[in-house]
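Work through the exercises below with the structure open beside you. Try each task before reading its solution.

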Amino acid sequence: MSHRLTVIGTGYLGATHAACMADLGFDVLGLDVDEAKVARLAAGDLPVYEPGLEPVLRRGLESGRLRFTTSYEEIAEFGDVHFVCVGTPQKAGEYAADLTYVDEAISSLAPLLRRPALVVGKSTVPVGTAARLATRLTRLAPAGGDAVLVWNPEFLREGFAVQDTLQPDRIVVGLPAEPGAAEHAEKVLREVYASMLAAGTPFITADYPTSELVKVSANAFLATKISFINAMAEVCEAAHADVTKLSEALSYDDRIGGKFLGPGLGFGGGCLPKDIRAFMARAGELGVDQALTFLREVDEINIRRRIRMVDLARQQLGGSFIGRTVGVLGAAFKPNSDDVRDSPALDVAATIRAQGGKVTVYDPQAMANARRAQPSLDFGDSALDAARDAHAVLLLTEWAEFREMDPSALAEVVAERNIVDGRNALDPETWRAAGWNYRALGRP
Ligand code: UDX
């Protein structure tokens with residue numbers, strides 16, 4: 001049977017989910033409380049940079065299958081499956097996640113649910129949230145027990161959002177304890193995800209807390225892997241070893257694998273840093289903080305990479321940034337994204353500025369967001385522009401256009417040929433042969 005879907009929250013996750021589900025042939029109504037965002041999306045204008053998403057959005061709008069609204073009444077009337085895709089940011093000054101938006105979504109939707117409905121949580125939440133929301137849903141909904149909550153975490157990566165949504169590695173569904181409700185919910189979700197299941201995607205059913213934990217433990221593992229290789233980078237620097245060779249050699253062991261073993265400036269963005277912190281906070285509440293104290297190390301190793309990067313740049317400049325010009329390549333937290341939330345690149349640029357350097361930043365996509373986040377920095381129109389008259393150039397986000405830079409062309413515009421490769425993205429021999437003083441994190 002064909003379901004009518006709604007998506008609450010049209011940020012990164014929600015906009016992608018809504019557009020992709022419409023592309024699969026469902027009628028989808030997206031909701032956001034932000035009128036300006038709804039107007040932009042309805043006009044086919046994506047508020048974020050995400051390769052390949054805008055054509056999917058436009059196809060949905062043109063087909064008439066995808067629409068957007070600010071009205072909860074309208075989505076309650078329209079849909080039988082409601083996806084909750086609102087944000088769960090880090091609370092100001094705390095490690096814990098701020099659940100205001102998920103709470104509001106349920107409180108706004110539930111009283112309007114007069115007929116059977118499935119509410120599908122996709123947001124990343126602390127373990128225990130789904131059970132609490134389920135109680136609230138049945139209490140507030142006129143449909144009572146016919147309004148059923150399931151938890152269905154989302155694993156999409158920025159830059160690969162469409163691919164990760166339409167061809168996920170796995171579908172995880174946390175079901176209610178009551179067998180009748182669980183059976184019905186599983187049946188509906190199997191229908192919604194039928195095309196992915198037909199393609200062989202593993203479908204894992206679990207209880208609420210397990211499904212919530214799959215998401216945060218996946219992110220904790222990925223963060224740990226990155227910090228592991230960055231800890232090895234610290235040792236390599238002290239021992240005059242090369243962490244890129246070490247990482248390559250480790251990657252051939254199937255048990256270790258090469259993904260997320262890229263040494264450099266470490267992780268940032270809207271997920272990994274806040275998710276490991278919220279996970280630690282939740283473990284504390286559950287009385288098992290010891291189980292996750294290692295994540296504090298993971299976080300600290302990650303932050304130390306930024307400090308080390310600033311130190312290396314300062315060393316190249318003879319010990320001080322004062323009166324010196326630094327060209328920064330990259331502002332986004334990773335390539336193929338315009339997201340600067342907790343961006344290691346922007347953090348390093350701002351620190352050098354605060355220590356007296358004149359910093360000019362260039363990023364292929366994140367300029368508008370970077371300007372808003374760090375208005376005191378200078379911005380260039382291109383990589384060459386940012387590097388003009390620089391005493392040191394720092395590569396902080398490994399966009400393809402920076403990897404492919406011509407060292408001779410860059411040499412012509414700088415004041416001094418100093419470069420620090422914060423992402424181990426360049427070939428040291430090529431750059432040294434072109435007369436550059438090349439330094440990198442974790443390499444001799
Ligand atoms: C992450 C998870 O991958 C995704 O499954 C989850 O749903 C949301 O969080 P995302 O934040 O989009 O996705 O970025 P990701 O590709 O995971 O990269 C995170 C950070 O790790 C980036 O700053 C990246 O530069 C860094 N990274 C990644 C490394 O430093 N080294 C690596 O080897 C890989």
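**Exercises on a predicted model**

His240 lies in the loop between helix 10 and helix 11. The model is predicted.

**Exercise 1. Find out what backbone angle His240 takes, and whether His240 is buried or exposed.**

Step 1: Read the angle. His240 has a positive phi of about 60 degrees, although His240 is not a glycine.
Step 2: Count neighbours. His240 has 8 other C-beta atoms within 10 Å. A residue with 12 or fewer is exposed. Therefore His240 is exposed.

**Exercise 2. Check the span of helix 10 against its number of residues.**

Step 1: Helix 10 covers residues 208-239.
Step 2: At 1.5 Å a residue, the 32 residues should span 46 Å.
Step 3: Compare. The end C-alpha atoms of helix 10 are 47 Å apart, which agrees.

**Exercise 3. State how the chain is divided and describe the contact between the parts.**

Step 1: Name the parts. The chain is divided into domain 1 (4-201) and domain 2 (242-444).
Step 2: Look at the contact. Domain 1 gives 13 residues to it, and domain 2 gives 14 residues.
Step 3: Sort one side by class. Where domain 1 touches domain 2, its side has 9 nonpolar, 3 polar and 1 charged residues.
Step 4: The C-alpha centres of domain 1 and domain 2 lie 34 Å apart.

**Exercise 4. Describe the shell around the ligand and say where the ligand lies.**

Step 1: Count the shell. The ligand is surrounded by 19 residues. The closest are Glu158, Gly262, Phe267, Cys271 and Lys334.
Step 2: Sort by class. The shell has 10 nonpolar, 6 polar and 3 charged residues.
Step 3: Find the main contributor. Helix 10 supplies the largest share of the shell, 3 residues.
Step 4: Domain 1 and domain 2 both give residues to the shell, so the ligand lies between them.

**Exercise 5. Describe the surroundings of Arg277.**

Step 1: Locate the residue. Arg277 is found in helix 12.
Step 2: Count neighbours. Arg277 has 19 C-beta neighbours inside 10 Å, so Arg277 counts as partly exposed.
Step 3: List contacts. Leaving aside neighbours within four places in sequence, Arg277 is in contact with Gln90, Tyr95 and Asp299.
Step 4: Compare with Arg115. Arg277 and Arg115 are 162 residues apart in sequence. Their C-alpha atoms are 38 Å apart in space.

**Exercise 6. Describe the span that UniProt marks at residues 327-428.**

Step 1: Read the record. The unreviewed entry names the feature "domain: UDP-glucose/GDP-mannose dehydrogenase C-terminal".

How values were computed
Residues numbered from 1 in each chain as written. Predicted model: local features only at pLDDT ≥ 70, side-chain atom pairs only at ≥ 80, totals over all residues. Near = placed C-beta within 6 Å. Helix = DSSP H or I, 4+ residues; strand = E, 2+ residues; numbered from the N terminus. Nonpolar A, V, L, I, M, F, W, Y, C, P; charged D, E, K, R; others polar. Domains from an automatic or database assignment. UniProt positions renumbered as here; feature names shortened; annotations may be inferred. Expected span 1.5 Å × (residues − 1). Contact = placed C-beta atoms within 7 Å. Buried ≥ 20, exposed ≤ 12 C-beta atoms within 10 Å, placed from the backbone.
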